[in-house]
Amino acid sequence: MTTPGEGRGEPAAAEQPRRSSRLEALSAPHGAPAAAPASKKLNPQLQRVIPDTAAEARREFAVLLGEFRRTPVLVPLAAGGGLWTADRGGVRWICAFSHEAALSRFAHARGEAHRTWEYRTVLGARLLDVMVPTLGVPAGVALDAGSDDGALFPPVRGVVPDTAAIDLEDGRDDRHRVGGRDERDGGAP
């Protein structure tokens with residue numbers, strides 16, 4: 001993660017003018033309780049009656065992704081004016097928030113609610129389709145980081161453009177693949 005008060009200073013999207021907010025004035029309520037853990041492997045007889053939980057989770061994520069793509073979100077700016085990002089698990093995450101109250105909870109959790117936070121309003125689709133590929137490293141978007149109802153939009157096919165996606169099925173980074181062949185190993189499929 002980045003150090004307190006610093007983002008990586010990634011280039012800022014030019015959607016709307018900067019805004020500032022004194023987030024300490026907003027309340028910092030905690031989000032909804034965490035969801036119950038997923039159940040263990042089902043009995044084969046029950047699998048015919050109960051829908052496939054993985055397929056259901058994929059459908060729910062697709063709905064969430066569609067909503068995110070159509071929604072303007074708040075993206076804090078780093079000291080240099082670029083988008084606030086954080087590195088975690090080999091991925092650079094653009095931090096975005098669904099509303100000022102979520103940004104306020106984040107600021108309170110970091111102990112930085114006293115300072116003025118500048119941010120831009122950017123459409124979710126613009127973050128995924130334009131900003132993520134410009135970072136040049138595996139990158140995604142962390143929505144409402146630090147909250148119980150946050151979401152991650154990782155650098156995988158179907159979420160970000162194929163040029164910025166990482167192929168998780170075979171462990172290869174798709175950005176090195178051309179025409180179905182990997183340029184790093186002499187073009188082996």
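**Cores and rings in a predicted model**

Hi everyone. Let's start with how the chain meets itself: among contacts between residues at least 6 apart in sequence, 68% join residues at least 24 apart. Please keep in mind that this is a predicted model.

Now the overall layout. The protein chain has 4 helices and 9 strands. Reading from the N terminus, the order is β-α-α-β-β-β-α-β-α-β-β-β-β. Of the 189 residues, 37% are buried. The accessible surface comes to about 10,800 Å², and carbon and sulfur atoms account for 54% of that.

Let's go inside. In soluble globular proteins, nonpolar side chains tend to be buried together. Here, the largest nonpolar core has 24 residues, and the ones touching the most other members are Phe68, Val75, Ile94, Leu127, Leu128, Val141 and Phe153. Which elements give two or more residues to this core? They are α2 (53–70), β2 (72–76), β4 (91–96), α4 (124–134), β6 (139–143) and β7 (151–153). The largest share, 4 residues, comes from α4.

Take a look at leucine 128. Leaving aside residues up to four places away in sequence, leucine 128 touches Leu65, Phe68, Arg69, Pro133, Val141, Phe153, Val159, Val160 and Pro161. There is also a second, separate core of 12 residues, with Trp84, Phe97, Leu103 and Ala107 among them.

Next, the aromatic rings. A pair of rings is described by the distance of the centres and the angle of the planes. This structure holds 6 such aromatic pairs. One of them joins phenylalanine 61 and phenylalanine 153: the centres are 5.8 Å apart, with 40 degrees between the planes, and the pair is tilted. Phenylalanine 61 belongs to helix α2 and phenylalanine 153 to strand β7, so this pair ties together parts 92 residues apart in sequence.

Are these two buried or partly exposed? Phenylalanine 61 is partly exposed, at 28% relative accessibility, while phenylalanine 153 is buried, with a relative accessible area of 0%.

Phenylalanine 153 also pairs with phenylalanine 68. Their ring centres are 4.4 Å apart and their planes are at 15 degrees; planes under 30 degrees apart count as stacked, so this pair is stacked. Again helix α2 is linked to strand β7, here across 85 residues. Both phenylalanine 68 and phenylalanine 153 are buried.

One last stop. Ring pairs join Trp84, Phe97, Phe106 and Trp117 into a cluster. Over the ring of tryptophan 117 sits the charged end of arginine 115, 3.9 Å from the ring centre.

Terms used. Residues are numbered from 1 along each chain as its sequence is written. This is a predicted model: local features need pLDDT of at least 70, side-chain atom pairs count only at pLDDT 80 or more; totals for chains, interfaces and linings use all residues. Side-chain values use heavy atoms; hydrogens and water are left out. A nonpolar core is a set of buried Ala, Val, Leu, Ile, Met, Phe, Trp, Tyr and Cys residues joined through side-chain atoms within 4.5 Å. Buried means under 20% relative accessible area, exposed over 50%, partly exposed in between (1.4 Å probe, protein chains only). Contact means heavy atoms within 4.5 Å. Accessible areas come from the Shrake-Rupley method with a 1.4 Å probe; for residues, only the protein chains shown count as cover. Rings of Phe, Tyr and Trp (its six-membered ring) pair if their centres lie within 6.5 Å; planes under 30 degrees apart count as stacked, over 60 as edge-to-face and the rest as tilted. A charge sits over a ring if NZ of Lys or CZ of Arg is within 6 Å of the ring centre and within 35 degrees of the ring normal.
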